[in-house]
Amino acid sequence: MAEHLFFGKVPVPYTVSWSGEEGMHVAPCRHAAGRRAICQGVARGEGRPLFGKPHAQRQREVIAEGLCDLCGNSLRNRTKVSLSHARPRANGATGLNILQVEPLLHKECAQISVRHCPSLRRDIRAGSLNIRIVTRHQAQFAIMDEIYTKQVAGAAVRAIGHAKVELLAWKDQTIEWLLGQPLPPEGASSIAEISNEH
Ligand SMILES: [Zn+2]
């Protein structure tokens, strides 16, 4: 079980990098089937959280192992929520699908994320962030070329980069479904806690 970490009162997603996690390098990664991947130092909780900078291994881990972006625990047999900027695209073989870099979340973890993250609320208001229940998905890995890998990790080799979630079946949802209430007006300091049905 992943430990829940906070920065002040703000919950820090499992996948977020901390300032103590330095040292980009290339190494075999067990969350990329043992293949050569871009990796970084591991010291979760050390320094301060770098919101918006996913940790290389943990971002792959949650997507490859089916874990929640916020709490790092399994999504198996749970409602899986996508909060993503990605739009559906046509795929010749399977019809419409969505390819997103944002890992999936438990419903209650998606609620916590929206409550604590002003930029998520702004994007939901602007219509650029979509809320979806995901019923079928699979993991994919981006392969980075020599130039990119040299730049970020100092080795001129092809290597696995971030993982992506490919949504194969989903249902679009509303913020009212997620929060049990509409989004409060801009500038409202907090969103009321709501009890979760199980
Ligand atoms: Zn969770």
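Predicted model: local features only at pLDDT ≥ 70, side-chain atom pairs only at ≥ 80, totals over all residues.
Reader: Thanks! And which residue in E12 is the bridge partner of Ile98?

Author: E9 and E12 run antiparallel and are joined by three bridges. On the E12 side, the partner of Ile98 is Leu167.

Reader: Is Gln173 buried, partly exposed or exposed, and why?

Author: Gln173 lies in strand E12, which spans residues 159–173. Away from its neighbours within four places in sequence, Gln173 contacts Ile131, Arg132, Ile133 and Leu178. A residue needs 20 or more C-beta neighbours within 10 Å to be buried, and 12 or fewer to be exposed. Because Gln173 has 16 such neighbours inside 10 Å, it counts as partly exposed.

Reader: Nice. Which element supplies the largest share of the largest nonpolar core?

Author: That core has 37 residues, and Ile160 is among those touching the most other members. Strand E5 (36–39), helix H1 (56–65), strand E7 (80–84), helix H2 (107–116), strand E11 (130–144) and E12 each supply at least two of its residues. The largest share, six residues, comes from E12.

Reader: Lastly, what is the C-alpha separation of Gln173 and Arg125?

Author: Along the chain, Gln173 and Arg125 are 48 residues apart.

Key
Residues numbered from 1 in each chain as written. Helix = DSSP H or I, 4+ residues; strand = E, 2+ residues; numbered from the N terminus. Contact = placed C-beta atoms within 7 Å. Pairing = 2+ DSSP bridges. Core = buried A, V, L, I, M, F, W, Y, C linked by C-beta atoms within 7 Å.
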